[in-house]
Amino acid sequence: MSYVKLFFVASCVLFFRNRRLCVPEAPRPAPHLAALLCVPLLLLVSLPLLTSCDKSDEPEFTVDYFFTVVSGPPDYEPVPKSDVAYTITKKMKESFRKEYPKATVEGNDGAVLKACDLVYLNFLQEHPEAVQYFYCEARLNRARMRGSIVVSYITIKRYNF
């Protein structure tokens, strides 16, 4: 539908620009010139009828999950991809993909949180010294998607690394 709006705006701009250019030359446009200016306008009016789509053509909204990793204090440099936070969040993603393999309309926060929490607790048990040096956080986000595009999202849990 955005292409239709873009075409409509471009046609209007061209129509009114051409009309302003014609006015100084001839105060009253010749009949054939008026007909030429009306053709794009008629096309624009009929275009929505020609390109209308059913509700089934529009993708429905689905729910999916993703991680973002940010450094704690804002003056730190960006977190390198080799950091342990990225490794653990990758394991978390793999574990919740077993429970929630693809995006659905309703989502499943409980299963995703349970899978991520289990991986995070295992990480803390294996590395108890990590608790002393938290400098970045991984945010588990619940995204509202249209196809593969994130329309909106909220953070549902934060994990410190």
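Residues are numbered from 1 along each chain as its sequence is written. Because the model is predicted, local features need pLDDT of at least 70 and side-chain atom pairs count only at pLDDT 80 or more, while totals for chains, interfaces and linings use all residues, and side-chain values use heavy atoms, with hydrogens and water left out.

**Exercise 1. Determine the order of the elements of the protein from the N terminus on, and state what share of its residues count as buried.**

Step 1. Helices (H or I, at least four residues) and strands (E, at least two) are taken as DSSP runs and numbered from the N terminus; the secondary structure then comes to four helices and three strands.

Step 2. Read from the N terminus, these elements run α-α-β-α-α-β-β.

Step 3. With buried defined as under 20% relative accessible area, exposed as over 50% and partly exposed as in between (1.4 Å probe, protein chains only), 25% of the 161 residues count as buried.

Step 4. Taking a contact to be heavy atoms within 4.5 Å, residues 24 or more positions apart account for 68% of the contacts with a separation of 6 or more.

**Exercise 2. Show how the buried residues of helix 4 are placed around its axis, and name what covers them.**

Step 1. Helix 4 has 18 residues and reaches 26 Å from its first C-alpha to its last, close to the 26 Å expected at 1.5 Å a residue, where the expected span is 1.5 Å times one less than the number of residues.

Step 2. Its buried residues are Ala111, Val112, Ala115, Cys116, Val119, Tyr120 and Phe123.

**Exercise 3. Repeat the analysis for helix 3, listing its buried residues and the elements against which they pack.**

Step 1. The 16 residues of helix 3 reach 23 Å from first C-alpha to last, close to the expected 22 Å.

Step 2. Ala85, Ile88, Thr89, Met92, Ser95 and Phe96 are buried in this helix, and, seen down its axis, the buried residues fall within an arc of 120°, so they line one face.

Step 3. On the other side of helix 3, Lys90 and Lys98 are exposed, whereas the buried residues pack against strand 1, helix 4, strand 2 and strand 3.

**Exercise 4. Work out how strand 2 pairs with strand 1 and with strand 3, and describe the surroundings of Ala138.**

Step 1. Two strands pair if DSSP finds at least two bridges between them. Strand 1 and strand 2 pair in the antiparallel sense over 11 bridges, and Thr68 stands opposite Arg139 in strand 2.

Step 2. Strand 2 and strand 3 are also paired in the antiparallel sense, over 10 bridges; in strand 3, Lys157 is the bridge partner of Leu140 and Thr155 that of Asn141.

Step 3. Two residues separate strand 2 from strand 3 in a hairpin, and Gly147 in the turn has a positive phi of about 70°.

Step 4. Ala138 lies in strand 2 and is buried, with a relative accessible area of 0%. Not counting residues up to four places away in sequence, Ala138 touches Phe67, Thr68, Val69, Thr89, Lys157, Arg158, Tyr159 and Phe161. Thr89 is 49 residues from Ala138 in sequence, yet the two are 7.2 Å apart in space, C-alpha to C-alpha.

**Exercise 5. Classify the aromatic pairs Phe67 and Tyr159 and Tyr120 and Phe123.**

Step 1. Rings of Phe, Tyr and Trp (its six-membered ring) pair if their centres lie within 6.5 Å, and planes under 30 degrees apart count as stacked, over 60 as edge-to-face and the rest as tilted. A search of the whole structure finds nine such pairs.

Step 2. Phe67 and Tyr159 are 6.5 Å apart centre to centre with 50° between the planes, and the pair is tilted. Phe67 lies in strand 1 (residues 61-71) and Tyr159 in strand 3 (residues 149-160), so the pair ties together parts that are 92 residues apart in sequence. Both Phe67 and Tyr159 are buried.

Step 3. Tyr120 and Phe123 also form a tilted pair, 6.5 Å centre to centre with 35° between the planes. These two residues are three residues apart in helix 4 (residues 109-126), and are therefore separated by about one helical turn.

Step 4. Ring pairs link Tyr65, Phe67, Phe96, Tyr100, Tyr120, Phe123, Tyr159 and Phe161 into a cluster.

Technical notes. The arc is that of the directions from the helix axis to the C-beta atoms.
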